[in-house]
Amino acid sequence: MPFRIKHGLRWSSPDIKAVIPAQSMRGAGECVPLGTPVDPLHRVPCPTPEDFMRHAVVLGSTGSGKSNTASYLARELSRYASVVIIDWYGEHVDEGDVIIDPAAGDPVPMPADKVSILELLEEVLDLSPPQSYVLMKVLRDGIGLEQLVKEVEYLTPEGRWENESRLALIRRLSPLAYSNIRSVTGDWANTALGNGLVSVLDLSRIHPLSSRRLVALSMLRYLETAASPRRKVFVIVEEAQNLVKANGLIARQVAEVRKKGLGIVLVTQSPSKLGEDILLNINVRIMHSLRSWADIEVMARSSALGSEAYRVLPKLRVGEALVEYHTLPHPLLVRFPRVLKLGEGGEHGLDDTRIREPVDAKEAFPLPGKHH
Ligand SMILES: Nc1ncnc2c1ncn2[C@@H]1O[C@H](COP(=O)(O)OP(=O)(O)O)[C@@H](O)[C@H]1O
Ligand SMILES: [Mg+2]
């Protein structure tokens, strides 16, 4: 059942912190403190690890402090379970206990059965039904990508449409097959998933981008099978908008995976690309500053902020966020500590001066259609 809270939240003062009441907070026991409330009179919002098993999202425009918050959460969550960061830009490699660098030859887990391979490639390559059909003809359990391309090349097409699909499929598959990725099937890495460790899957040097997506989605698939109620795993997915698709793997996992012991934390600059269906299935929401109309609008509809989102979200400073989860009756304004030291590989040039200025929300809206 999708999760939704809606109630008449009132912001009676221009000073945001004064109007966000903090109620029924948890004690300091088994919970993950979400920064420090901006109002010192409020207690620290502290969702439990189980709350995070019902998934979380960290959202905000570029430079609003998402990756820093993600890094903070990785450390906190690793007190309860294994943590894997799927790191699109390689920003977290300094923070990891285990670094998985596929571009340097570290193996990545691939599904072995042909149905899973098919689903994965359909999603990564956006295959048309005729292309999927051709792929299905040559797929067999345990086949590697290089072999797969060869077999599509050798396939004798049954007609002209099939030949066209076959050629299109080769064009899409070849870059994947001949990229520098080494994949293994079967049980991949118990060591990398040690309890209390933070593993970082560094995608930043993988090319082409379709390979990056393949590696990321294979890892998510693998974690789904590796996690269990007794062996819990949290996975933090940076730049999740690059990986999410309507009815795709992440949409399905967010909707159904919580019983299996896999908690997903999606980090994104673009909640509108995640879509309302996914957002409504997510329990913990950490909302940094947003500036695009489409993104603010989707949060107005899918969070307890309602129309106040338009006024408040553009005004947050770097590292500040509104947080909400189902046992917290009202969104609460917090500030996260700075933990991430950005290396040169990071997503830099972050423009925090614009966020720091108080913005008139009406003027802050970009023109409709102009979102990133
Ligand atoms: N909680 C924070 N407190 C102070 N500065 C922060 C905080 N979070 C981020 N920053 C600063 O803002 C910059 C951008 O942060 P980052 O987490 O990379 O943003 P995003 O991932 O949203 O693009 C960082 O380089 C850092 O200097
Ligand atoms: Mg970032």
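Analyst: Happy to! Two residues are in contact if their C-beta atoms, placed from the backbone, lie within 7 Å. Helices (H or I, at least four residues) and strands (E, at least two) are DSSP runs, numbered from the N terminus. This is a predicted model, where local features need pLDDT of at least 70 and side-chain atom pairs count only at pLDDT 80 or more, while totals for chains, interfaces and linings use all residues. Residues are numbered from 1 along each chain as its sequence is written, with chains lettered from A and ligands numbered from 1 in the order in which they are written.

User: Which residues of α4 and α6 meet?

Analyst: From α4 they are P130, Q131, V134 and L135, and from α6 they are W161, E162, S165, R166, A168 and L169. By class, this contact of α4 with α6 has 6 nonpolar, 2 polar and 2 charged residues. Here Ala, Val, Leu, Ile, Met, Phe, Trp, Tyr, Cys and Pro count as nonpolar, Asp, Glu, Lys and Arg as charged, and the others, Gly among them, as polar.

User: Why are α4 and α6 called roughly perpendicular?

Analyst: Helix α4 (residues 129–138) packs against helix α6 (residues 160–177) at about 85°, with the axes 9 Å apart. Axes are lines fitted to C-alpha atoms, for helices over the stretch in contact, and angles run from 0 to 180 degrees between N-to-C directions. Angles under 35 degrees count as roughly parallel, over 145 as roughly antiparallel, 65 to 115 as roughly perpendicular and the rest as oblique. The pair α4 and α6 is therefore roughly perpendicular.

User: And what makes α7 roughly parallel to α8?

Analyst: Helices α7 (residues 209–226) and α8 (residues 249–256) pack at about 25°, their axes 11 Å apart. That angle makes α7 roughly parallel to α8. The contact involves L217, L220, R221 and E224 of α7 together with L249, I250 and Q253 of α8.

User: Why does A103 count as partly exposed?

Analyst: A residue is buried if 20 or more other C-beta atoms lie within 10 Å of its own, exposed if 12 or fewer, and partly exposed in between. A103 has 18 C-beta neighbours inside 10 Å, so A103 is partly exposed. A103 sits in the loop between β4 (98–100) and β5 (108–109).

User: How do you know that β2 pairs with β9?

Analyst: Two strands pair if DSSP finds at least two bridges between them. Strand β2 and strand β9 (residues 262–268) have 4 bridges, in the parallel sense. Within this pairing, V58 stands opposite V267 of β9.
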